Amino acid sequence: MQEIDAFKDQQFTYTLGKLIRELKKYVSVHDELEQTLSEALKKRNWLAHDYFRERALELMSSAGCNLMISELVRAQHRGGPRNSDSLLRWNPDQGKRVWNATEETELSR
């Protein structure tokens with residue numbers, strides 16, 4: 001059991017890129033999975049390093065926050081930000097998330 005815990009703890013110290021490289025050492029990765037992993041790594045890096053910095057002004061308004069939430073929900077789908085129909089809205093007045101599949105909130109400044 002300690003060996004499993006130690007292995008798991010070590011894996012959590014790795015970056016996603018390192019985990020992908022480690023995976024490829026032990027299993028054959030077909031082209032579709034390779035592409036999926038590559039896209040996931042790019043999205044992860046974009047989210048971790050660029051997304052919030054690029055959208056700092058949008059965080060200042062409810063409309064901007066709604067737009068960001070919509071982008072993030074679409075980005076979580078395999079097809080990327082442009083291929084999702086479902087949007088998640090945050091209504092700060094009601095203090096809850098609202099699913100909406102038809103409207104996009106425009107950013108107002």
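Modeller: E71 touches Y51 and R55, leaving aside residues up to four places away in sequence; contact means heavy atoms within 4.5 Å. This is a predicted model, where local features need pLDDT of at least 70, side-chain atom pairs count only at pLDDT 80 or more, and totals for chains, interfaces and linings use all residues. Residues are numbered from 1 along each chain as its sequence is written, and side-chain values use heavy atoms, without hydrogens and water.

Biologist: Does E71 count as buried or exposed?

Modeller: Buried means under 20% relative accessible area, exposed over 50%, partly exposed in between (1.4 Å probe, protein chains only). E71 has 17% relative accessibility, so E71 counts as buried.

Biologist: Which helix holds E71?

Modeller: Helices are DSSP runs (H or I, at least four residues), numbered from the N terminus. E71 lies in helix α4.

Biologist: How is α3 oriented relative to α4?

Modeller: Axes are lines fitted to C-alpha atoms over the stretch in contact, and angles run from 0 to 180 degrees between N-to-C directions. Helix α3 (residues 31-54) and helix α4 (residues 62-75) pack at about 165 degrees, with axes 12 Å apart. Angles over 145 degrees count as roughly antiparallel. Therefore α3 is, relative to α4, roughly antiparallel.

Biologist: Which residues of α4 make the contact?

Modeller: On the α3 side, the contact uses K43, W46, L47, Y51 and F52. The α4 side supplies M68, E71, L72 and A75.

Biologist: What angle do α2 and α3 make?

Modeller: Helix α2 covers residues 16-26. Its axis comes within 10 Å of the α3 axis, and the two cross at roughly 165 degrees.

Technical notes
Angles under 35 degrees count as roughly parallel, over 145 as roughly antiparallel, 65 to 115 as roughly perpendicular and the rest as oblique.
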